[in-house]
Amino acid sequence: MNNPVGKKNMRDMLFENKVTLLFVLLCIGAFFASKQTMGFLLGELFTRIGRNTFLVLSLLIPVLAGMGLNFGIVIGAMAAQIAVFSVSVWGITGFKGFALCVLLSTPLSILFGYGAGKLFNNMKGSEMIGGMVLGYCANGLYQLLFLFIFGGVIPINNSRLMISGGVGVKNTIDLKDTIKYALDELPLLHVVELALVLLALSAVIAWSAAKKKGDTAAGKRQVLRLVLSAVGFGLTFVPPIRSLLTTTRYTLLTAVEVVVAVVIAYTVGSVCYKKLLLHQEADLKKAGLRIALAAVAYALTYVDSIYRLLLSVKVPVVTYCMIGLLCFFNEALMKTRLGQNMRTVGQSLSVATASGINVDRTRIIAIIFSTVLAGYGQLISMQNIGTFQTYGAHETVGQFAIAALLVGGASVQKATNKQAVLGVVLFHTLFILAPSAGKNLFGNSMIGEYFRVFVAYGVIALSLAMHAWKGKAAQKIQLKPQGEKPGAGPSAEAEGAAQ
Amino acid sequence: MNNSKFIDRIGWPRLIIAAFLVLLLILAQISGLGVQGLISDTFRRYGQYGVLVLAMVPGVQCGIGLNFGISLGIVGGLLGALISMELGPEFWVGMGAPEKLIPLFTILLALVIGAAFASVIGIGYGILLNRVKGSEMTVSTYVGFSIIAFMNIAWLILPFKRGDLIWTIGGSGLRTTLTLENSFGNVFNRFLAFKIPHTEIEIPTGLWLFFFGACFLVWLFLRSKVGMAMSAAGSNPAFARANGINVDKMRILGTAISTAIGAVGIIVYAQSYGFVQLYNAPMMMGFSCVASVLIGGASIRRANISNVLIGTLLFQGLLTLGLPVANRIIPVANLSEVMRLIISNGIILYALTKSGGGKNA
Amino acid sequence: MDPQYVLKMENISKDYYGNRVLKDVSFCVKPGEIHALMGENGAGKSTLMNILFGMPVIHETGGFEGTVEIEGKPVKIASPQDAMKYGIGMVHQEFMLIPGFTVTENIKVGREITTPNLFSRIFGKSIETLDGQAMRTDARRALDTIGLGIDEYARVAGLPVGYMQFIEIAREIDKTGIRLLVFDEPTAVLTESEAERLLAAIRDIAAHGIAIVFITHRLNEVMEVTDRITVLRDGELVTCLNTAETDMAQIAELMVGRKMEGQLETMAEGRVFSGSPVMTVRDFSVEMPGERVKKIDFDVYEGEILGIGGLAGQGKLGIPNGIMGLYEAEGEVTVSGEKLDLHRLGDALDKGIAFVSEDRRGVGLLLNESIRDNIVFTAMQTKKQFLKGKLLNSRAAGAHAQEMVQQLDIRCTGIQQTAGSLSGGNQQKVCLARALTQNPRILMVSEPTRGIDIGAKKLIIELLRSLNRDSGMTIIMVSSELLELRSICDRIAIVSDGTITTVLRPNDSDAAFGLAMSGTVSKEEGERE
């Protein structure tokens, strides 16, 4: 029954993804025009993916809650920057410093996000323009804070950070001695250990809860979980695994191998879990396909040119894991009551109100989530860049993240993890290549530079216009069916559907 | 009774800001700042920004809301100015124009070309905005940004040849800032300019005449048959339709006029400032204009000439007077930019909360 | 024998800003019965239901008098959530469904079943995981109860309109402890076979012991399915009958008929006009959402007042709006022999038709502009009057406005007062003044007395009468107020379901009007003839 819908029409699919397709073509064109090597591109690209994807992913929740593209994530970035500055002042370094940044930025982001959410509730329907203006306004306050209040009101004696007069923060702050690469170079081992402990802990809690209820089946499952986490902990002591876990940057080759291994293990594991423990049907076809794909990917690494390419690029493991975790979080949140409420609010305010959902509160929570996550995203980006442009780091955060998301095929109403990741890849490919392509084509690298800015703005303008455009078309179509009143009675239709 | 009516008409926010301005003046006097110079400055900037702010009126009245996309008009105006400058004084000498009038002819030509370009752009822009009813402001902001970014490329590759326009190195690409000293800098400002007797306060008569003249023309237009139809289309499309008015056409008209006034506005701005600024300089100009007309008492749905006259004076006064006073208290170099950001965007946010009001819920 | 009532509303009274809309109404429903609530528009049905559901509009306007009892216990219903708690559900006329969600998600919206997880133990219930399996089971059960065989995981977006109502019903049934279900015009958007099926489902539900309140104007459905009927008229309880002991004609009469009281009692004489009509309408259809017109024909004669009546949503408003070109219209309309171009906005204005819209504040006026500008606007735009060159001629416009203010007795501080600050009646006069300024051949007025107080109503009606009787103006008057139509019109066309059921004389019987408005007349008459 789904097939006709799925195959429906290639043309529609191409049409719906025209922005993405256009970008694919642009990227290919720019690659050839730029005369850069694949190695250079991949190296740059994977740095930028690690740097920016988290920020882009932070946009998803408000989209689902019907608040459009959150131009206000800039204020999350500002919260992160205030945290980084404070930590720099206190001189706390390394991962400890980074952790403190996270701790500090969280309440700030929550506060800012709450304010923004309140504001947006007062301008329903104009959230996007509101978010934009809010960003600019907040930028003014931010500058006031860094130019005057730091040093002027709050005395800070630190010649490394402050302008010579002691009032106002310097233009750039070097993070080399504080949090540079704090997350990028955190050994995965610590994260894995923490995760396993958490897993074990949750198993114990759930087990005791199950026991109280007398649910033995659930209890059994939790015991299995506990055992699994113990086994996992044991595995970390196996030398090859341990060396893998203590390496902070994988070559792309290792990354591919690890991903392939994880995919296969996960697929096999989940099939077994379903079959043996839950006695449910598992989709073997899908699982087989997944394993086959993984195998092909692994086989490809043996092609000589690809092999060499993969060896030349390194990726920070923990950062990428965090991005993966956020993807998972976005998915998981939507499977909770809160997530479902957000989706309801996003789809129809009137239905949400009639169903007893507190619309305003749900919207505020969505914005808080987005703001906090954006703060984390900015922290990740800053620890990777290693320098802190005091007055510029946040300025383009919102616009570029939004442009990337839109390039991936998202719209004002719908956005997924996949679109976010795809968007980051395409958008930043163009960003990397545009200057050199411009230089080769027009003999002026500035043209490429301006071109990519134009692309960023243009893609947002285009998407917003197309959204409004489409919205109108949809309204027109909706009017029709009501008038026509489909002829067949429900009983006949119901039988058809049941078959 | 009469008092409260007067206050209602002016509105509390404006009275408070006006009172604040007076306070600033007193503070400036006390702290020994050159008050007369500040007032002169305010007067000059009043005319300098006024026409740009005026461009908001047809936009709001025809129903597209606050025209954040005024950059489209600005770009048209810049093109007009550049073409006129490229032709240079030689062109007019060749035409046999008296030398004294050449700057005037140059700026008039710039105005004509700029307005023409902008009208054409504005028509296309209006057609686009008709397609995106309800999201005009979001779309127009980013269309505005896009055109600025696009023109950045264009400034680099357009075939301008004149030596004082393009970079000396490389021989192509327009400079970021072009001086108007040799073309039409300050032509309006200087026309019949005088100092108020016994003071240092200068009145830029020509500039003001032009600004007030433009305001008068727009005022006349709004009272014409077409203008009234346009306002009706903006304030109540259903009413307009019931009276046989093509709402979409009126919106295009309003957008085109707004864009054309934007073009005129940027040229007036440039002649008063003395420089033409290209590339990213005009990017955020729309926000200041929007804030000015809002501070003057306009809303997203209604704006009139008095909003422009009052709003520009208050907004520019706030920046010009407020800055040195604030700098006394907060000794920071680029405070003006910071203040402008906070004030203008704060005002826009306030207006947005007033208009949306969660009524669509 | 006193059967226990599931719902007992007693001596309910309610006024909005001094305007009494419910007077001492009592309404009782037994468990498992299907109870029809009937009345014309404005009879008080929706206000009564708003009280039952604790809608904010009630509390914001000062609450109500009277008592509500659920299963014998007095209750206070302060919000829709309260109503839900007491087991009162509503199936809305406009669907409260989310197209992008599955059937299950729609049925369970706001009442999702969840299981706790690690994080929910820390952060609270709102992030408990959804239990898709349990929700699907529940949804299935609810769907089975009403016999709907669709997949519970199908998306609502692709389903036929006829299903939507059923999903709404399934949602209400799924609520635990549902006792009373209100159906608001459930069959209005359904085809005949769908309606049949819905009625069967309603009977099923009632058989489960759930009481049903059935709001509709379709008399045949009422006769077919209900046990008892409560009729409201003008905010008063007319009667409560057992369905078995009555017939359609009686109910129709009860709904429409009224004791002649108040100011508008005089019945028009119903003059007969002949000759060639000044306006002919043929095969005329209008695509006005909610007021669709389907292929109607009628004529208007010089000097008459043609009334167009009918219940809300049946299409009477579509007629004037379609003629003015405000909604997409098909067919042939001629005015004094000239054909009207229905697709050209403003053609009707050019051909001498003036229109006073039913949506006075939305379509009829520029609320922020002065009385003067409002009065001269149309004449200025379409006839280029009151202009000096291309600019507004303030003096001529002012003089004319002043004249109209005096002629129509518009109470204002002056012609510069903004139209928005006038009272409803005076606003309507400004609208009329604008239409008259056009000097039209035909004047169309739509709901001329909607939302204005009684005194002003009378003035407006008298004004229309004198325009017609004294100045010979041809008028088409569209109104939901039958009495009003009968007081000045010469003929009254009754519109039901987009077509003209019949054209009546003002002095025809109440029952004739009632049946015509219920749309049943054509069938009945067809059978008789």
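**Figure 1. C215(B), a buried cysteine of chain B.** In this predicted model, C215(B) has a relative accessible area of 3%, which is below the 20% limit, so the residue counts as buried. C215(B) takes part in no disulfide. The nearest cysteine sulfur belongs to C289(B) and lies 13 Å away, whereas a disulfide needs two cysteine sulfur atoms within 2.5 Å. Over all chains, the structure holds 0 disulfides.

**Figure 2. C321(A), a partly exposed cysteine of chain A.** The relative accessible area of C321(A) is 34%, a value between the 20% and 50% limits, so this cysteine is classed as partly exposed. C321(A) is likewise in no disulfide. From its sulfur, the nearest cysteine sulfur is that of C327(A), at 12 Å.

**Figure 3. The fold of chain A, with 22 helices and 4 strands.** The radius of gyration of chain A is 25 Å, close to the 23 Å given by the globule rule for 499 residues, so the chain is as compact as a globular protein of that length. The C-alpha trace spans about 80 × 65 × 55 Å along its principal axes. Of contacts in chain A between residues at least 6 apart in sequence, 76% join residues at least 24 apart.

**Figure 4. The surface and charges of chain A.** Chain A has an accessible surface of about 24100 Å², and carbon and sulfur atoms account for 66% of that surface. Buried residues make up 46% of the 499 in the chain.

How values were computed
Residues are numbered from 1 along each chain as its sequence is written. Chains are lettered from A and ligands numbered from 1 in the order in which they are written. This is a predicted model: local features need pLDDT of at least 70, side-chain atom pairs count only at pLDDT 80 or more; totals for chains, interfaces and linings use all residues. Side-chain values use heavy atoms; hydrogens and water are left out. Buried means under 20% relative accessible area, exposed over 50%, partly exposed in between (1.4 Å probe, protein chains only). Helices (H or I, at least four residues) and strands (E, at least two) are DSSP runs, numbered from the N terminus. The radius of gyration is taken over C-alpha atoms; the globule rule is 2.2 Å times the number of residues to the power 0.38. Contact means heavy atoms within 4.5 Å. Accessible areas come from the Shrake-Rupley method with a 1.4 Å probe; for residues, only the protein chains shown count as cover. Lys and Arg count as positive and Asp and Glu as negative; His and the chain ends are not counted. The place of a charge is taken as NZ of Lys, CZ of Arg, CG of Asp or CD of Glu.
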